[in-house]
Amino acid sequence: PAQPHHPHFRRALKALSQSVQQFPVWKLFLEYCTATDEKVADTSAVYREAITSASKMTRDIDPEAGQPNFHKEEIIRDFCAGYLQLCELRGGVKEGALARDFLFRTAGVPVEVYLQLLRAEQRRANPDATVLRGLFEKAVGRFGTTSAELWMEWVMFEAGQQQFQRVQALHHRATRALAQPAVFILMYEQWNNRK
């Protein structure tokens, strides 16, 4: 959404039009919105725009072109962390749910952000197991072939729920889904031996 009270940032972003050079401008824009005590909904909207824009970039910033050496995934992770912090500190439950839903829908969000969201949901008072299982399914739909840590997080959640048949089923699924299941198998065995 356009915010007329930020015309300089908007003009700069428009002039750079999906260029990797937008990253520093987005970073400054987000810092400005956060520091000037904008309404949470307005700042959240800018975070969502920045994350969406960054996820559409096709390459990293080129340090040889005199630009800072940032990687797209690091920038997206930083934007997501700022967004989640804003929602946790100032946004309340509604804004937190909006952030979670947005990040789970947005392509390009790194697995670490999904893990952070899943852990936050588990820490809530009386987490809804059905909702969490749906979030885990979404996460493994994106990262199930590459993230042993994500599978282990789900296994530990189900064990905490005393759902040992689900734990076994997840172990089976993970070893079949992961491109390199040896890491998961080792993590699982270490966890299982500590129980």
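Read along the sequence, the protein runs α-α-α-α-α-α-α-α-α, which comes to 9 helices and 0 strands. Helices here are DSSP runs of H or I with at least four residues, strands are runs of E with at least two, and both are numbered from the N terminus. This is a predicted model, so to speak: local features need pLDDT of at least 70, side-chain atom pairs count only at pLDDT 80 or more, and totals for chains, interfaces and linings use all residues. Residues are numbered from 1 along each chain as its sequence is written, and side-chain values use heavy atoms, with hydrogens and water left out.

Of the 195 residues, 43% count as buried (buried is under 20% relative accessible area, exposed is over 50%, and partly exposed is in between, with a 1.4 Å probe and protein chains only). Taking contacts (heavy atoms within 4.5 Å) between residues at least 6 apart in sequence, 59% join residues at least 24 apart.

Helix α1 covers residues 7-16, and its buried residues are F9, R10 and L13. Seen down the axis of α1, these buried residues fall within an arc of 100°, so they line one face of the helix; the arc is that of the directions from the helix axis to the C-beta atoms. What do the buried residues of α1 pack against? They pack against α2 (22-35) and α3 (40-56). On the other side of α1, H8, R11 and A15 are exposed. Just after α1 comes S17, with a positive phi of about 30°.

F9 turns up again among the aromatics, where F9, W26, F29 and Y32 form one cluster. Rings of Phe, Tyr and Trp (its six-membered ring) pair if their centres lie within 6.5 Å; planes under 30 degrees apart count as stacked, over 60 as edge-to-face and the rest as tilted. By this rule the count comes to 12 aromatic pairs. One of them joins Y83 and F102 edge-to-face, at 6.1 Å centre to centre with 80° between the planes. Y83 is buried, and F102 is too. F184 and Y188 form a tilted pair, 5.9 Å centre to centre and with 35° between the planes. Both F184 and Y188 lie in helix α9 (residues 181-194), where they sit 4 residues apart, about one turn of the helix. An α-helix has 3.6 residues a turn, so residues three or four places apart point the same way. F184 and Y188 are both buried.

Now for two loop residues. S147 has its place in the loop between α6 (129-143) and α7 (148-160). Is S147 buried or exposed? S147 is buried, with a relative accessible area of 7%. Leaving aside neighbours within four places in sequence, S147 is in contact with V111 and L178. Q162 lies in the loop between α7 and α8 (164-177), and at 55% relative accessibility Q162 counts as exposed. Phi of Q162 is near 65°, a positive value in a residue other than glycine.

That leaves the pockets. On a 1 Å grid over the protein atoms alone, a pocket is an open set of points where a 1.4 Å probe fits, with protein on both sides within 12 Å along at least five of seven lines; lining residues have an atom within 4 Å of a point. About 350 Å³ of space lies in the largest pocket, a volume being the space filled by probe spheres set on the points, which are joined across faces, edges and corners. The lining of the largest pocket has 15 residues, and E88, G96, A97, E121 and R124 lie nearest its centre. Two or more lining residues come from each of α4 (72-105) and α5 (111-123), and α4 gives the most, with 9 residues. By class, this lining has 7 nonpolar, 3 polar and 5 charged residues (Ala, Val, Leu, Ile, Met, Phe, Trp, Tyr, Cys and Pro count as nonpolar, Asp, Glu, Lys and Arg as charged, and the others, Gly among them, as polar).

The second largest pocket holds about 200 Å³ of space. Of the 12 residues that line the second largest pocket, K27, L30, E31, D78 and F79 are the closest to its centre. The elements giving two or more residues to this lining are α2 and α4, and the largest share, 6 residues, comes from α2. The lining of the second largest pocket splits into 7 nonpolar, 2 polar and 3 charged residues.
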